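Please find below a short note on the structure shown here.

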Amino acid sequence: MLDALFKISDHNSTVRRECIAGLTTFITMVYIVFVNPAMLAEAGMDQGAAFVATCIAAAIGCFIMGFWANYPLALAPGMGLNAFFTYGVVLGMGYTWQAALGAVFMSGCIFLFLSLFKVREWIINAIPLVLKQAIATGIGAFLALIALKNAGIIMASPATLVQLGDITAAGPLLAIFSFFVIAALLYRDFKSGVLISILLVTVIALSLGLVEYQGVISMPPSIAPTFMQLDFSAAFELSMLSVIFALLFVDLFDTSGTLVAVTQKAGLADEQGNMPRLGRALSADSAATIAGSVLGTSTTTSYIESVAGVSVGGRTGLTAVVVGMCFLLMMFFAPLAKMVPAYATAGAILYVSVLMLQNLKFVNWDDMTDAIPVSVVLLMTPLTFSIAHGIALGFISYTVVKVLCGKREQVSISVWILTAMFVIKFAFLS
């Protein structure tokens, strides 16, 4: 039944492999069920209700992606978008969290409209192959930065922006240990090497007293304080319209970049980089965003951590469905999940970044009109700490370099339009 539903054998996979991939993806992104509610609580929302809303919204997105689009791509409320929700809209602009949820709902509806009429599909298919390769490598570099930061291997510096952390501390040492364990296990074809490493580091941390045992099971909190609390009274104010556009813009290109990177890594795209069932995949996060706003959480989006599951063999929607089921179960296992420290997943994320950087081998480095845009995306995605900004700057550099070097015919009308949109965004909406 599962093979017929998800076409597992057609993708040269197995049910066991898909389940392991789902568990691997989940364990690398489960941090969101703790980070997101804590951040939303700063906006005045009930943290327990936001915790449940986060789990349910993630599950809804994963189920739609798995059953409808049959992609191994997991969804959850997005990092960055939740920060904009709290620090930008509520604390920065003075709107209530109810009004901010209304903006999330409206951006999700517009998102769904664009998906149904294939506007988003047109945008993704309009991305030149070299930029698709660049996006994958840029996200790989971005993941490396996140992993090194979370592990404490690098840290902020007032003089040089970033510097080496205390790598003799337990956290960085365990993160480095997990990275090498993953490399050794996967080299020997242990498909669950990533998951084994995360669990191993967690057990070590627990035995050393670095992690406090907090129990296993508890009943989930009530979702009533945030459920159906949307406020649309400020929806048509000019400043709120800019909020809705910002949510739409960031989600559009973060999701697009993630989808391109994951499908490239999984080998699910054709030779031109186009993806089957793209419209279905694009509608999953917009529908999940709408549902999440009703439940009481910020914008739901596709997670680049999905590459962790793909790297151990996930190829079908069963991977996403397993992730969704884990999010539902997580409502009852919150104390257990809290014991997984950030450095336990940092090694996995860093290993995934190495795999994604392999896309650099497909770039024609002898053609500077290809090499320059790739380099821009590769460098600016982590340095701006934004996938969307990396993509935008990549489009602009691609168009400018191609035109100045006499290769204007390689710039399609769609690329011209998107480049103009990015220039306007940076000029007037940044």
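1. A salt bridge is taken here as a side-chain nitrogen of Lys or Arg lying within 4 Å of a carboxyl oxygen of Asp or Glu. The model is a predicted one, and under this rule the count comes to 2 salt bridges.

2. One of these joins Lys 407 to Asp 367, with the closest N and O atoms 3.1 Å apart. The pair links distant parts of the chain, the partners being 40 residues apart. Lys 407 lies in the loop between helix H18 (387-404) and helix H19 (413-429), while Asp 367 lies in the loop between helix H16 (342-356) and helix H17 (368-383). Lys 407 counts as partly exposed because its relative accessibility is 23%, whereas Asp 367, with a relative accessible area of 15%, is buried.

3. The other salt bridge is formed by Asp 370 and Lys 402, whose closest N and O atoms are 3.1 Å apart. Here too the pair links distant parts of the chain: Asp 370 belongs to helix H17 and Lys 402 to helix H18, 32 residues apart. Asp 370 is buried, its relative accessible area being 14%. Lys 402 is buried as well, with a relative accessible area of 1%.

4. Which residues touch the most other members of the largest nonpolar core? They are Met 65, Tyr 71, Ile 139, Ile 304, Met 356 and Phe 395, in a core of 78 residues. Helix H8 (residues 129-151) gives the most to this core, contributing 12 residues. In soluble globular proteins, nonpolar side chains tend to be buried together.

5. Met 65 deserves a separate entry. Apart from its neighbours within four places in sequence, Met 65 is in contact with Asn 70, Tyr 71, Leu 73, Leu 75, Ala 281, Ala 284 and Ser 302. A second, separate core holds 29 residues, among them Ala 53, Cys 55, Tyr 303 and Val 323.

6. Is Thr 301 buried or exposed? This residue sits in strand E4 (residues 300-302). Thr 301 counts as buried because its relative accessibility is 5%, the cut-off for buried being under 20%. Setting aside its neighbours within four places in sequence, Thr 301 is in contact with Ala 74, Leu 75, Ala 76, Gly 78, Leu 81, Asp 251, Thr 255 and Asp 285.

Notes:
Residues numbered from 1 in each chain as written. Predicted model: local features only at pLDDT ≥ 70, side-chain atom pairs only at ≥ 80, totals over all residues. Heavy atoms only, no water. Core = buried A, V, L, I, M, F, W, Y, C linked by side-chain atoms within 4.5 Å. Buried < 20%, exposed > 50% of the residue type's maximum accessible area, 1.4 Å probe, protein only. Helix = DSSP H or I, 4+ residues; strand = E, 2+ residues; numbered from the N terminus. Contact = heavy atoms within 4.5 Å.
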